[in-house]
Amino acid sequence: MKIQNHRLIADDGTPVRYVETPNKSGLMTPEYLVMHYTAGSSAEGSVSWMCNPAAKAAAHLVIGRDGSLTQLAPFNRVTWHAGKSEWEGRSGLNGFSIGIELDNAGKLERVGNRWISAVSKRAYPDDDVLVANHKHDRPGTPPIGWHEYSEAQLEVAAQVGLLLMEKYALKDVLGHEDIAPGRKADPGPAFPMASFRARLMGRADDEVDHYVTTSALNVRAGPGTEFAALPGSPLPAGTRVALLEQQGLWWRVDVLDTVSGVMDLVGWCHSRYIARGS
Ligand SMILES: [Zn+2]
């Protein structure tokens, strides 16, 4: 893929599917990438809603669960994806960010023995649901269900994200939840923000990225649950780790804290339970 005239073009030279939204305004210079979930039940439904003037909302791109892409506005036009928002003392991120919407049902409620979207009333199989707290939940808040993202969708999002970072020299990747905390929960805990951001931002060779675990987390001998948990596992929430290497969503980490008397623990963890340290 490449970007020409602020439009995505596939490798064979054909433009990516383009459906122009009315929910946009004037020109802007993008500085950030903002990730969202649609809270809808299909990419097609979300595209048509975001092209309806009544929605008063749209993002630049919608990515379906099969990785299909639809662009709704040129990347240098303001789209209405962020709403009331603030980052590093500046408000109104629509004016300087590109928004990507991922087809995902978002929050799911347990009703009987099923996971249900309060929006669409559709049920989702247990395998597609992560039970977790949101990072902005108050301590003691019961965890809820979050619709998992598909691998195809995350891979396409990363490829497009890398292109956008490079083309527009974007400063950072943010979640809607980061720029509108309390009001918005997307892309939520099922989105692997730490590894997504690490992949898009890269890092200087002389810089060590520091992270913390967000829940009890096993450190394993290899990148997968089939590998044995190492002595010292599970790491308690809040343990500091440094990223050494990535294989998909699995990270090889150096554990910086002494855990259960084990020092110099190095092994593999799932990055979903790791967040950027402050
Ligand atoms: Zn959003």
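Domain bounds here come from an automatic or database domain assignment. The model is predicted, so local features need pLDDT of at least 70 and side-chain atom pairs count only at pLDDT 80 or more, while totals for chains, interfaces and linings use all residues. Residues are numbered from 1 along each chain as its sequence is written, and side-chain values use heavy atoms, with hydrogens and water left out.

The C-alpha centres of domain 1 and domain 2 are 30 Å apart. Domain 1 covers 2-105 + 149-201, and domain 2 covers 210-276. Their contact (heavy atoms within 4.5 Å) takes 9 residues from domain 1 and 10 residues from domain 2. Together the domains bury about 660 Å², 56% of it on carbon and sulfur atoms; buried area is the accessible area (1.4 Å probe) that two parts lose on being put together, summed over both. On the domain 1 side, Ala-194, Ser-195 and Arg-197 supply 54% of the area buried against domain 2, more than any other three residues.

Now to the backbone. Most residues other than glycine have a negative phi, and most peptide bonds are trans. The exceptions below are worth a look.

| Site | Feature | Value |
|---|---|---|
| Asp-186 to Pro-187 | cis peptide bond | omega about 5° |
| Ser-233 to Pro-234 | cis peptide bond | omega near -10° |
| Asn-5 | positive phi | near 50° |
| Ala-169 | positive phi | near 50° |
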